[in-house]
Structure formats: structure tokens, C-alpha cells
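Have the structure open as you read along.

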Amino acid sequence: MTALFGRDAEITAVTGVLDVAAARVAAPAEQRTLLICGEPGIGKTALLEAAVGQAGRLGLRVLRTTGVQSEADLPYAGLHQLFLPLLGELDRLEPDDRDALGAAFGFTDAEAGSPFRIAAAGLQLLGGSAAEQPVLIAVEDAHWLDGPTRDVLMFVLRQATHDDIAVLITTRETGGGAYGAGLPVLALGRLAPEAAAGLLDERTPGLPAEVRERLLGLADGLPLALRELPTAATDLPVPGAGPAVVTLTGRLEQIFAGRLAGLPPGARTYLLFAALDDGVRQDDLIAGRPVTAADLDAIVAARLATPGPGAVRWEHPLARSAVRQSAAPAERRAAHAALAAHLAGEPDRAVWHRAAAAIGPDEDLAEALAATAHRARRRGALAIAIAALEQAAVTGTDQTRRGDRLLTAVDFASNLGRMDLLGHLFEVAAGVDLDPATRNYFSWVEEAVGLRAWTGVERVPAFTAAVRDLRDAGQIDRALDHLFGFALRCWYSTMDDESRAELSTLAAELDPSLSEPRQLAVMAWCDPIRQAGTVRGRLAAVAAARAGDPEGLAHLVMAAAAVGDHPRAAELLELAYPGLRAQGRIGQLVETLGAAAWMYIQLGRPRDAEIVSDEAVRLGRASGQPRMIAIAALGTGAAAAQRGDEALAESVTAQMELVLAGPAIAHLRLVRATALLGAGRYPQAYEQLRTVFDPADPAYHPFIQHWLIGDWAETCRHLGRADEAWSTVAALTEVAGRTDSPGLDVNLVYARAILSDDEDADQVFGVALAGDLDAWPLLRARLLLAYGIRLRRRRRVTDARGRLRSALELFTAIGAAAWAGQTRRELVAAGVTVADPEPPAGAGLTAQETQIARLAAGGITNREIGRRLFLSHRTVGTHLHRIYFKLGVPNRTALADLLSRQG
């Protein structure tokens, strides 16, 4: 513990994390996780070792992994090391979880699938272990972990919300780096003067006073310096001799390099090879090289590293750095080439050494890197595949292949939802020689994903020409990818009709049978008015043909919603859900759930909207997809607005207002307007809605208008602006005559009823309520409320009561509390005594608890619920206990009975 001088507060923080896990009590991840960050030599490793020792005394099972720089490009190298003690427990997992991990670790040649499928399987493995014995995950040098391991760790941290798992991670990155979002960080600082002096005196007692003071001044509280500088005390700078030209880190590297200079040649060779690949076993380091036992003893004596039967353990990362920096560039390239030759049987290790040894362009090397990318993709390691494809693009000489490799890398980054990787790839593409069509495509994709400002439609003809070139070359799939990546931006833009028609027509031409889900999505996003009939006409047949393709079904969900067929979108979502979950397609699941939230809002199902929004946000955060979180989070706000929770709706919109721009702002206006309408605050609602219908306003959206025309009509009527609303209704009625959009049609029916004169109300409301509104319960309830108000104010009280009672039943069933409150007040005014409403079953549950309760009531086991929702079964069990307590039921049977009685 001598290296922990002055670290009492830090030890307390670490012990607190361990105590929470050891106590086996439910606690959020923030109380069971600590990211320990600080500069090299600050004492991170010493603190982690102390924690590991304490974990053993507390009865925690310790799982460890260490980031190794030379393994940063090897898929799941860190995860395999972490899970090594658990591999004997793989048989406990469900077959698809077991297969996913086996494929990720290279135990089989099977394709691992989505990286999130592997993360979900890892969560089940860890959760099962933690259920038997609390676990400490100890990660050292996390900044060197391979990307796939990092992604699994972050997913586990955020999803294992109630498991007895403590996590300690050390990293050089300030604030925890890639691991730090929303998790507690312990930033280690330099030791205080008293602690530094105490550590120096214990490590090197009896130093002359002058030397001691110089050491303390130069070390400046850095524990590694206090340990190593005394060995070079005769070479310390003299006070007053001028400013030091070498940083402390540089001086420590010099100390390690000085020790290297005194070693025999065999020892230096051994260390150089180990420094270039410290994941290589000792037998491989020695093979074919003049390394003796005396050389290994000399390395230990010089306190540079500890050779062993496995990988070399360095005294400190600066020692490894000193060895690398001491070698001449030609010497390093030769060593990399020798390692590549020796590791020929491990092509995914060897190829990176080949790349490091290369001097100029090399198409053969580029092909080898592309093959590594292919293998990484099969193992679900898309981040590694992206890195290999990037290197292949830079290294290769073939212009066409270079572009294809970068485009494939962009596809992978999009699938991961990693905007940081996309941005980096666009920078790489800007610096390499690409053919004009590929260059243009990169530019368009930057706009499509929002990484560049929207330049408008002037380049659409050139874009469609490039897509046609791909089609003519037989590259239909790539052409569809180009259009698909561009189309969503069309939905969120004020593109002219001619450009929309050009893009949607091109999509239709790519496959005249219209059997490809991406086609229908492109047509719906680019040109929903003109293409609604065609898209709707093909949904059923394409869905039937793609029954086993959850990705394709998810595209159909988006297509149906874009053309206003929200009931059909809800049906398709139920088909897509299970497959997306089973295949671990979390990236697409987040996107689909976010869109589904708005679909449920249109259908008047706020509780369902809240559930899918909540899950989209949670999974988006766990999987690192910030781009999709904003729209999904706004779905939570919209659900709150429909339920009458104005404070929550405003809180969400205020947060999202900081990140949304352009026509996407229309979603903000919708949320606020819905909350204001429910509260009867019509002047404020008018100001929100007006912007969506005003072509000069940034929030103008030509299609979200279809969702809001009924709200606009209601607001205008209450403010004496009926003529203004009638003008908009007339314009959209003309649009409705040219399209086939159930959503637009039903909202126009509502708008006309609201705007009707009193003498026409019976006929207009009668026709509206006689229509098929089963899929639109909120709209039916609002029609009943509006009609009941008309009748009461015309002194037809008896007729009014029936409509108002029906409206109240629907509002209560939906959970639209604000509108239910309005209806109760109208009933009281109509002379009806209204009892205080009984809260519906589950009213006090969170969105996630509601989701778990519904699944449990359906007879699904905790383990299966966990696998569906990417949670451990322990987390599910904890949630169920809370659900039982909140609802006052003892078990699943009673839960199912309660929920069935409440509908």
C-alpha cells in the first residue's frame, strides 16, 4: 500500500463501489462504477490492485482485462481475456447467446451477427455469474482496449442496472474519455507535498537534503517519478540553471531508455519485439532469435519488464514507450516485418504488422486488410472492420476498390450509429483519390446524416445521374443504399415537388416489381403525397415476402408511417420487433422505436409511445447513438403532453430544443401545442402551431402539417380565426385528393367537424363519428368531447351527456388526463355527478416497468424477458418485485388478472 500515500479519499471512493456490489442490494450503475483517470505514473494501477485485493476480502469474484496497444485492432481481445474465467459457464446460456459469444471469440466459423447481439449475450453471461456471487470487473488501461470490447463494456454498464456487479476502469483519458458519459469519474491528481515527501522517504530513505528537495520539486507529486528519479539522482537538473527542456514524462522515458542501453543485444531485441506486440507469448518472442536466460534476467534486473510464459508485463507503459522510441525507424519496420512473418498463421495479427512495416502503397496489403475487415464483420466487430477498411483504402492503389472500401466502412459506421466514426471517414475520404461519382456520394451522405449543412436541391440531378450509373453497372444494391441514405433528409427538408418526384421515380425504376423494402421507404420519405397509394398498395405483399427479414420489415414500418398509414405501421412493428431483438439489431431497433413513438402519438396511444420512446432512449445511450436520441426523447415529451403532464412535456422539449434544427423543430412545436391544447391554453397553442404551417418559418414542415391540421382547426376556432383554419383545410383537402393517406384523411375529418357551423354540427359530427375510428381512439374521444360541448351549449343537455360520458371513458382508458379533466368539468356543467377517477392499473409504473409487467403477465420467464429487453434476469426480477409492490399484487398470476381486468 506504500504507493497509495495520500490516497485516503480515493481508497474510500473505490471501497464504496465494492461495498455496494458486495451488499447485494439494488443500486444504479452510477453507484457501482468508477472510472479512474489520470496521467501516466499517477498511481492508477496501484489503486486498482488495492481494489482487487479488497474485492477478494469482500467475497467478490474478480474478472480482469488489460488493454494492450498491439491488440487494439483484434476483435474482442479484451473481452475474451475478461470472460476467460466464465467460458466454462457458456453452456448455461441460451443457444443463440452461446453461439454469438463463440463466434465473437473465434471458437466457430459462424457469423456472430450484430455487435449488440454479442453485447446482449455478454450481459446474460455476466448477469448469471453475478446472481451466484458478486462480481468486480477490473479494467486496466482501457484506452488501449479494442473497440468491440469497449462497446460491450459500455452496454453492460448501462443495462445491468440491478446486478451485483462493480466496475473499476483505469484510463489516461481525461474525464473517462469514451467511458465517461454519465458515469462517475475519479480523477487522480498529484500527491500533496506531505504525502509525496512521505512516499519518497519510505522508498529512498537517507537522501541528502539538497538531493531530496530537488527530487521532490522535479517529481511534483507524481508517484512514478518519486519511485524512479532517485535512480538517476546524479543527473537531475540543478536549481537556477535555467528552465528544464525535457518534460517530466520525457525524463522518465529517458531513465527507462538509459536502462535499455546497458542491456545485452539479445535482451534489447526481445524488448523491441515485445514493445511492438506485447500480446505475443514469450515462446514466440524468443523463437529464432538469440535470446538467452541471462538476457531475460537482465531485463528484470533493469526494472523494465517481467518476462513470463504469457505476454510480457511492463514495469510501466513509459518503459514500453521508451523501448519503441529508442529504436530507429528502419529497425522498427524490420521488427514489424519479422513479426508479420512469424504470425502468418494469425492473419488478423500479422496484417497490422505488415501495414506498420510498409513504406508505400501496396494493393496486396490492402486486399489483406480488406479480408481482415470481412472476418471482423463476421465476428460482429464492425469498429475493427471499419479501421481495417480505412487502412486498406489509404494503402491500396486501385481507385475503384479504394472507394468501395470507404463506402463499406461508411455503411458499417451508419449501422453502428457512430457519428464520430462517420465524421472521421469523411475526413479520410477528403484526403484520398476517388472517382468523381464516389466523391459526390460522400458529399451527399455528409449532408444526409447532418454532418454538413444542407445545400439544397441543386445537386439532385447529378446525384440521380450517379445512381443511374450504378444501376446501369448492375450495382442495384449499392444504388439503393445511396438513395436510402439520402431519403430521410428529404423528409426533413423543404424540397420542391420536381426533385421529390425525380428521386422517388428513380427508386421505383431500380426494381420494377417494387419488392425491396428500401425502395418503398425511399419513395415514402422522398415523395409521400405522390407515392402514398403505390407504397400502401405494396406493403402487405412485401411484408409477407419478407416475413423472416426484420430489417426489411423495419423499413416497411418507416414507409407506412411516412405516408400516414399509422395503423398498418403498428401492425408491421409487431412483426419486426421480435426479429430485431433476436438478432441484436439495436442500431435499427433504436431508429424504429423512435419512429414508432410518433406513430403511436398519431394513433392516440400515449402509453405505448412512452414505452417505445423510453426504450429507444435507453438503448440509444447504451449503444452510443446520440443522433437518434433527440427524436426518440421527444416522443416521451409528446406522450406526456397527451397524458396531460405539461411540466414533463416542457422539460423534454426544452432539452431537445438545444440539439434540433430545421424542419425537425416541428416535432417540438407538436409536443408543446399538444400540451397547451390539453390545458385549454389556445393563444399559446396557436403560436406553436402557426410556425409549422408558415413556409417562411424554420419549423415549417409540409407533412407534419397532416398530423396537426385538426389541432390547428380547434385552436383557430377557439380564437375566432376559423377562416384562417378553413383556408388551410381547403389546401390540404386538395392534397388529400391527390394522395392516399389515412392519417391526413382522418385529421381532415376532425378539422371539418370542429370548424362546422352549429346548424351543420349534427350531420358533420354524425358522419365523422360513424367513420372507422377504432385505430384512432384519442381522435374519437376528442370528437365526442367537442360534439358534447356543442350540444350542451345549445341546451341539448341529455344528448350532450351521452357523448361526454363516452368521451370520458375513452380519455380515461387512454390515459389522457388533461382532456379527461375537461370532459369531467363539462359533465358537471351538464348536471352529471362524476366520481373521482380510479387510476388505471399500472398508472404508477415507469415505462420500463409497464413493458416488463405486460411481458410477465403474458407468462414469459424473467430470463426471456431479459433477453428480449437486453437486461439481465436479475434486473428483471428486481423490477418485478417493485411492480408487485406498486400494484399490490403478490405474483404473476395476480398481475395478469389485474392487467386483463383493466384492459
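This model holds seven cavities of 30 Å³ or more. A cavity here is a set of points on a 1 Å grid over the protein atoms alone where a 1.4 Å probe fits but cannot get out, and lining residues have an atom within 4 Å of a point. Grid points are joined across faces, edges and corners, and a volume is the space filled by probe spheres set on the points. The model is predicted, so to speak: local features need pLDDT of at least 70, side-chain atom pairs count only at pLDDT 80 or more, and totals for chains, interfaces and linings use all residues. Residues are numbered from 1 along each chain as its sequence is written, and side-chain values use heavy atoms, with hydrogens and water left out.

**The largest cavity**
- The largest cavity has about 220 Å³ of space.
- Its lining takes 17 residues, and I601, Q642, W707, D711 and R782 lie nearest the centre.
- Two or more lining residues come from each of α30 (586–603), α34 (665–678), α36 (704–718) and α40 (777–793); helices are DSSP runs (H or I, at least four residues), numbered from the N terminus.
- With four residues, α40 gives the largest share of this lining.
- Sorted by class, the lining has 10 nonpolar, five polar and two charged residues (nonpolar: Ala, Val, Leu, Ile, Met, Phe, Trp, Tyr, Cys and Pro; charged: Asp, Glu, Lys and Arg; polar: the others, Gly among them).

**The second largest cavity**
- About 100 Å³ of space lies in this one.
- Among its 14 lining residues, A562, V563, G564, H706 and S741 are closest to the centre.
- At least two lining residues each come from α27 (528–545), α28 (550–562), α36 and α38 (742–755).
- This lining has nine nonpolar and five polar residues, and no charged ones.

Methods
1 Å grid on protein atoms, 1.4 Å probe; cavity = no way out; pocket = protein on both sides within 12 Å on 5 of 7 lines; lining within 4 Å.
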